[in-house]
Amino acid sequence: MFLTRSEYDSGVNTFSRQGRLFQVEYAQGAIKLGTTAIGIQTAEGVVLSVEKRLESKLLEPSSVKKVLKLDGHIGCAMSGIVADARTLVDHARVEAQNYWFSFDEKIPVRSCVQSICDLALDFGGSKMARPFGVALLVVGVDEKGPALYSTDPSGNHVKYLAKAIGAGSEGAQTSLKDHYNKSMTLAEAKTLSLRILKQVMEEKINEKNVEMAQITVTDGKFQMCSKEEVKLLIENMSSAPL
């Protein structure tokens, strides 16, 4: 007698007869419920723009963190279950410091991303009894230049020039395909990311419900953009539709 879908669901490491891991698919579904995050790589650096859902007017906007620093030259944006993201971020920070202590140099961006995915892949065999329900956009600058990676609950990571994750990812990714070009400046990438967020967000975009960060090849430092800068970018955005 063949197992039903619900019976295949009971084990995180149990493949269905079609070769699917339903628990991983459910974790990817949790990302579709998360806020939209956009990353764009240019020759000058990489920019991250992320939607913040403020479910109450009594909520302090600064307490909602969607963009975090992993090391001085690496940062990430998240979509999905924030608590799961914190676990991955803490692990990446420890790995970055261990690499510095062992080799006396900054960890390469790809190595940092690989350490995150190694932990994400270890569901069922460690403290986590289920896959991590979060996707990350990891950006950084190393000796190979600027980089943008996307991770998912399956432990996979892929390098992108421009990528969107979260609830509005499908529409945002379509807009990125239509409007991204390799020759754009970092300032143009910031404006494009905000215009796409404005298009896919349910709430009216403003400096309180959006977080933005950047890293440039000139200084190689991951930095958050100030609310004043975000507000000015939103005000200067063209009112013409994409």
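Trainee: At what angle do helix α5 and helix α6 pack, and how far apart are their axes?

Mentor: Two packed helices are described by the angle between their axes and the distance between the axes. In this predicted model, α5 (residues 169–179) and α6 (residues 186–200) pack at about 145°, and their axes are 10 Å apart. The crossing of these helices is right-handed.

Trainee: Which residues make the contact between α5 and α6?

Mentor: Helix α5 contributes Gly171, Ala172, Ser175, Leu176 and His179, while α6 contributes Leu192, Ile196, Gln199 and Val200.

Trainee: How many disulfides does a search of the whole structure find?

Mentor: The search finds zero. A disulfide calls for two cysteine sulfur atoms within 2.5 Å, and the sulfur of Cys112 is too far for a bond because the closest cysteine sulfur, in Cys76, is 8.5 Å away. Cys225 is likewise in no disulfide, as the nearest cysteine sulfur, again that of Cys76, is 15 Å away.

Trainee: Is Cys112 buried or exposed?

Mentor: Cys112 is buried, with a relative accessible area of 1%, and Cys225, at 12%, also counts as buried.

Trainee: How many aromatic pairs are there?

Mentor: The count comes to two. Phe22 and Tyr26 form a stacked pair, 6.5 Å centre to centre with 25° between the planes, and both lie in helix α2, four residues or about one turn apart. Phe22 is buried at 5% relative accessibility, whereas Tyr26, at 36%, is partly exposed. Tyr99 and Phe103 form a tilted pair, 4.7 Å centre to centre with 50° between the planes, and they are separated by about one turn of helix α3.

Key
Residues are numbered from 1 along each chain as its sequence is written. This is a predicted model: local features need pLDDT of at least 70, side-chain atom pairs count only at pLDDT 80 or more; totals for chains, interfaces and linings use all residues. Side-chain values use heavy atoms; hydrogens and water are left out. Axes are lines fitted to C-alpha atoms, for helices over the stretch in contact, and angles run from 0 to 180 degrees between N-to-C directions. Helices (H or I, at least four residues) and strands (E, at least two) are DSSP runs, numbered from the N terminus. A crossing is left-handed if the near helix is turned anticlockwise from the far one by less than a right angle, and right-handed if clockwise. Contact means heavy atoms within 4.5 Å. Buried means under 20% relative accessible area, exposed over 50%, partly exposed in between (1.4 Å probe, protein chains only). Rings of Phe, Tyr and Trp (its six-membered ring) pair if their centres lie within 6.5 Å; planes under 30 degrees apart count as stacked, over 60 as edge-to-face and the rest as tilted.
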